[in-house]
Amino acid sequence: MAARAKTFLLCHGAWSGGWSWRKMHPLMAQAGHRLVAPTYTGLGERAHLASPAVDLDTHIQDILGVIKFEDLDDIVLLGHSYGGMVATGVADRARERITQLIYLDAFVPRDGQSLFDLNEAGREPMRKAAAAGDGYRIPPNPPPSDTPQADLDWLNARRINMPIKCFETKLKLQHGEPAMPRSYIYCARIPPGDVFGQFARRAKSEDGWRYFELDASHAPNVTAPEALMGVLQEIVA
């Protein structure tokens, strides 16, 4: 028996865009689900809208706008990497529309935390990188080392420098911790400096979470789409 058709709404990672989930659309359709994969202001096909003012709140508004104008309901909200910051804010402001919240190797902020609060080691190098460039954007971190060359070429041709304010903005929650069921998918092929282990531990130890591991590196939407689809199916079944 197939799971009831779900609408997955993506909050993608930094430097990226909805385009980077291209391999997931046919797998979602095959499973009877719909994947809505918007791109944030200033990235991907919306790179022409980049400015020093773009921050985390801009990206939360981007996704809230999609929910409103596409009339989305009964949403499975999926945050990948930086997208966990965005998804947490979206879940806070559109809680009546969202039935599940899934973090994929993602940041899980509490009220008042920025991405830099959760990744202090990244703060200074990224500030320096922004200062050395146009002053407000950070060049992309390299993709995981096990990414095949064809995928690397595809990613590197499309990834866009990220406004640093997105990483500096402290998330403001209006309703406290999200109340809907939450799942954490931890990608077990861990790079040095394991940024996401802290959230895996939290999901394993805190009530209200389901915890899953995936034998993949940080961007399974690119390197392990079938395995990722399998876990997502398990979560929503």
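## About the model

Because the model is predicted, local features need pLDDT of at least 70 and side-chain atom pairs count only at pLDDT 80 or more, while totals for chains, interfaces and linings use all residues. Residues are numbered from 1 along each chain as its sequence is written, and side-chain values use heavy atoms, with hydrogens and water left out.

## How H2 meets H3

Let's begin with a pair of helices. Helices (H or I, at least four residues) and strands (E, at least two) are DSSP runs, numbered from the N terminus. The axes of H2 (residues 56–69) and H3 (residues 83–93) cross at roughly 55 degrees and come within 9 Å. Here, axes are lines fitted to C-alpha atoms, for helices over the stretch in contact, and angles run from 0 to 180 degrees between N-to-C directions. H2 and H3 are therefore oblique to each other; angles under 35 degrees count as roughly parallel, over 145 as roughly antiparallel, 65 to 115 as roughly perpendicular and the rest as oblique. The crossing of H2 past H3 is right-handed, the term used if the near helix is turned clockwise from the far one by less than a right angle.

On the H2 side, the residues that meet H3 are Leu-56, Asp-57, His-59, Ile-60, Ile-63, Leu-64 and Ile-67, and their partners in H3 are Met-85, Val-86, Gly-89, Val-90 and Arg-93. Contact means heavy atoms within 4.5 Å. Sorted by type, the residues of this contact are eight nonpolar, two polar and two charged. In that sorting, Ala, Val, Leu, Ile, Met, Phe, Trp, Tyr, Cys and Pro count as nonpolar, Asp, Glu, Lys and Arg as charged, and the others, Gly among them, as polar.

## Helices under cover

H3 has 10 of its 11 residues buried, so it is largely enclosed by the rest of the structure. Buried means under 20% relative accessible area, exposed over 50%, and partly exposed in between (1.4 Å probe, protein chains only). Among the buried residues of H3 are Gly-83, Thr-88 and Asp-92. The cover over the buried part of H3 includes strand S1 (7–11), H2, S3, S4 and H4.

In helix H5 (residues 120–132), Gly-122, Met-126 and Ala-130 are buried. Their cover includes H4, strand S5 (137–138) and helix H7 (165–168).

Val-86 is worth a look on your screen. Setting aside residues up to four places away in sequence, Val-86 touches Cys-11, Tyr-40, Leu-56, His-59, Ile-60 and Ile-63.

## Buried residues to look up

Met-28 sits in helix H1 (residues 24–30) and counts as buried at 0% relative accessibility. Beyond its neighbours within four places in sequence, Met-28 is in contact with Phe-8, His-33, Leu-35, Met-229 and Leu-232. Met-28 and Leu-232 are 204 residues apart along the chain, yet their C-alpha atoms are separated by 9.5 Å.

Ser-183 belongs to strand S7 (residues 182–187) and is buried too, at 1% relative accessibility. Its contacts outside four places in sequence include Gln-100, Tyr-103, Trp-209 and Ile-235.

## Loop residues

Ser-81, in the loop between strand S3 (75–80) and H3, has a positive phi near 60 degrees although it is not glycine; at 12% relative accessibility, Ser-81 counts as buried. Asp-105, in the loop between strand S4 (98–104) and helix H4 (115–118), has a positive phi near 40 degrees and is buried, with a relative accessible area of 4%.

Arg-46 lies in the loop between S2 and H2 and is partly exposed, at 24% relative accessibility. Not counting residues up to four places away in sequence, Arg-46 touches Thr-39, Tyr-40, Thr-41 and Asp-62.
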